[in-house]
Amino acid sequence: MDCITALVGVSGTNDAFDIAYSYIVPPELEGKVSVGKRVIVPFGRGNRRRTGIVVGMEVSDGKGCKEISSVIDSEPVIGEEQLELLMWLKDTVFCTYFEAFRALIPPGLGVNFVSKYRLGAKKPKKDQVSDKALGLYMSAAEAEDGDELDMILSSDLTLANELVSGGFVEETDIAKQRVKDDTVSMVRLTDAYAQGSIKLTPKQTAAAQILEREGCASVKELCYMCGCTAQVVKNMVKCGAAELFDYEVLKTPEAVQRDDISKITLNHYQQAAFEGISQMIAEKKPAAALLFGVTGSGKTPVFAKLIEYTLNMGRNVIMLIPEISLTPQTLNRFRGLFGETVAVMHSGLSLSMRSNEYKRVKSGQCRIVVGTRSAVFAPLDNIGLIIVDEEGERTYKSESSPRYNAKDAAARRCLYHKSVLLCASATPSIESYYNALRGRSKLFVMPERYCADPYRKPEMPRAEIVDMTGTGRVFSTELIEAVNGNLERGEQSILLLNRRGYHTYISCCDCKEPVSCPNCSVPMTYHKVNNRLICHYCGYSEDYVQKCPKCGSTHLKASGMGTQRLEDELAEFFPNARILRMDADTTYSRYAYDKRFTAFGNGEYDIMVGTQMIAKGLDFPNVTLAGVLNADKALFSGDFRSYERTFSLITQVVGRSGRAKAGGRAIIQTYVPDHYVINLAAQQNYTAFYSQEIAMRRALIYPPFCDICVIGFSGADEKEVSAAAELFAAKIAEGVEKMAEKMPIRVLGPSKCTFEKINGKFRYRIIIKCRNNSAFRSFISGIRNETAGQMRKISVFIDMNGDISL
């Protein structure tokens with residue numbers, strides 16, 4: 001006999017065994033189970049209860065299927081489009097159903113299991129359980145209510161499990177949301193009161209009259225309006241005249257001073273870009289555009305005008321930014337223009353704040369979402385425009401499962417909503433610029449800096465390259481003189497050093513070995529603030545060592561420079577300067593970015609020194625000097641994108657200078673002053689750099705002329721990890737050989753990763769040059785599934801177009 005079955009993606013499954021499992025919907029749950037809801041299901045041989053997401057419904061014979069235990073949600077957690085995104089993630093980025101589902105909702109909406117107990121029908125006898133278990137049962141039997149019973153049995157889970165296995169206690173798992181909803185206690189009248197059978201005191205009558213008029217009110221409001229205490233309300237509930245219920249309250253952001261968007265004026269290039277992109281939005285067709293504008297060209301005013309245009313069409317907007325550090329400035333700009341209708345989403349928010357913003361968007365209170373990578377999945381309907389600012393940044397690519405690229409997800413959503421994807425940058429990715437030149441997206445160029453004053457044409461900052469070879473110094477004479485000049489004129493300076501800590505490594509003068517992390521094959525960084533050595537990969541730390549861990553020598557040498565040391569050096573050279581350091585060590589608190597950048601913008605500091613978080617997207621009118629220390633550090637990282645990233649970083653930080661009336665200057669310190677990447681970045685000449693880079697990639701067959709698939713292997717035993725990588729590579733060769741039509745791929749490796757050991761796990765990888773299509777993904781997935789049984793102790797991940805430098 002056929003029955004209703006649900007297709008469920010179950011949490012905690014291995015990639016190789018992740019399928020939509022069929023579960024019977026029992027009669028008592030019919031009508032309650034639907035696509036997009038979470039359910040609790042028994043899984044595996046032990047029938048352990050797990051959370052699952054329903055991805056489909058069907059009618060089948062149900063043979064061999066287990067039953068759904070319970071339903072967690074009263075309404076679907078994800079809708080039609082989010083389900084489509086879930087299936088797309090599952091198909092394209094080699095993740096499980098539940099990993100894809102977790103990417104779509106904030107962590108605070110996740111659930112944890114809480115054990116609930118009740119006494120069984122039979123009582124245990126002395127010979128049936130241990131004395132301690134019997135004593136626990138007797139204590140539980142005297143409990144006054146269920147909460148006390150749960151507390152007693154939960155005090156010793158071993159004894160509780162003994163009672164459960166004997167059938168003397170029944171256990172169920174209740175799913176509780178990780179973050180409680182913000183609610184207010186409300187009161188309303190009951191049907192019994194309406195029948196007129198309940199007598200009330202004068203104060204209760206006054207309260208009832210207010211409820212008759214208003215329908216309902218919060219307990220606090222009711223007590224205020226009728227001048228009574230909460231006890232009066234409690235007595236009304238007790239006698240059956242009223243009932244309490246919880247009402248969820250969504251917090252709205254504090255009001256900010258509103259700006260008049262009509263006062264934003266656009267120059268010729270901005271207006272051309274606005275008109276072209278707004279025409280694309282009006283057509284209501286899936287489309288893509290690239291806004292390529294030099295640093296300071298005024299992309300944000302164009303964004304503001306396009307958002308206003310989209311909203312006036314009755315459609316909504318998502319704007320993605322690459323760094324949390326850019327959120328406060330961007331959010332303040334758009335809330336000033338569009339008010340409370342702007343929501344913010346990023347991982348720096350607390351769980352409750354992220355859940356609150358998610359619900360504000362889902363309820364329709366917000367029409368604009370600003371945030372980092374995960375904001376692309378905001379539950380926004382009727383999207384007309386998705387903006388990806390600084391689109392070439394690597395932070396848009398997730399480095400943990402699901403390993404999606406936010407740009408790809410944005411393109412998918414634009415296809416669904418028939419909307420426009422606008423990517424923008426002064427240094428677009430090579431792939432994006434290549435596609436724009438080939439007509440796959442519409443190219444809009446803004447080659448000049450923007451100025452609201454039509455009679456003044458701002459110039460790009462003057463850049464100077466300084467050769468530091470053989471100097472042995474931190475600062476060049478040119479940089480010292482430039483900073484001094486700024487201090488005398490009351491102007492601000494920004495100095496970039498993309499390495500935090502004090503010394504970047506400690507090495508032994510005798511055995512020549514660096515002091516490395518015991519869990520990783522990475523030298524530890526010295527942090528002077530707490531006098532500790534810290535691993536920036538696994539977080540391990542220890543006190544500063546006096547002896548070499550390898551040979552015991554006391555001849556240790558501290559080398560390299562991080563932002564902490566740079567701050568100290570600056571304080572020595574410029575004792576009267578007010579210095580602000582911005583790196584991961586100074587911005588770990590939730591509001592650090594906003595407070596510190598606001599203080600710098602208000603002129604409370606003279607010099608800001610920091611890592612790449614200060615390089616992009618920030619606008620400080622009084623900054624007239626940008627300095628880049630050790631500019632060539634990232635040139636030789638072993639990744640084919642290293643030139644592109646170095647060019648982008650230098651170009652962007654140079655572009656922070658001279659964005660107002662005063663002219664800008666940049667000083668780039670390097671040990672390879674003749675390198676073409678350094679020189680073209682100093683000239684802000686992206687097109688010349690692109691010509692060099694695209695020729696190299698075409699010759700070596702790198703993106704955009706192929707896709708890169710990285711298959712990573714990690715485990716505690718290096719021999720087992722190496723063997724697993726070799727097995728996988730052999731299966732690839734064997735599979736390709738058997739194909740009737742050869743698949744165009746090139747396999748590099750297996751080989752050790754750049755950092756061969758991280759967090760106690762040895763790491764190997766295979767790099768494949770390929771075409772990212774369904775045939776290739778199916779081929780690689782098939783090999784992963786085939787070899788899963790032989791790699792039980794090995795973690796395997798598959799990453800399309802990810803970072804190959806780690």
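**Exercises: a helix, a sheet and a lysine**

The buried residues of helix H1 are Glu81, Gln82, Leu83, Leu85, Leu86, Trp88, Leu89, Lys90 and Thr92. Buried means under 20% relative accessible area, with exposed over 50% and partly exposed in between (1.4 Å probe, protein chains only). Helices (H or I, at least four residues) and strands (E, at least two) are DSSP runs, numbered from the N terminus. The model is predicted: local features need pLDDT of at least 70, side-chain atom pairs count only at pLDDT 80 or more, and totals for chains, interfaces and linings use all residues. Residues are numbered from 1 along each chain as its sequence is written, and side-chain values use heavy atoms, leaving out hydrogens and water.

**Exercise 1.** Find what the buried residues of H1 pack against.

*Solution.* Start with the helix. H1 spans residues 80-92. Now list contacts (heavy atoms within 4.5 Å). The partners include strand E4 (48-60), helix H2 (97-104) and helix H23 (774-787). Finally, step past the end: just after H1, phenylalanine 94 takes a positive phi of about 55°.

**Exercise 2.** Which strands stand at the edges of the six-stranded open sheet?

*Solution.* Write the order: E19-E29-E28-E20-E27-E26, with parallel pairing. Strands pair if DSSP finds at least two bridges between them. E19 (462-467) and E26 (579-582) each have a single partner strand, so they are the edges. Then look inside: four bridges join E20 (492-496) to E27 (607-610).

**Exercise 3.** Is lysine 731 buried or exposed?

*Solution.* Locate lysine 731: helix H22 (residues 718-738). Read its relative accessible area: 18%. Lysine 731 is therefore buried. Its contacts, not counting residues up to four places away in sequence, are Ile783, Glu786 and Thr787.

Conventions. The expected span of a helix is 1.5 Å times one less than its number of residues.
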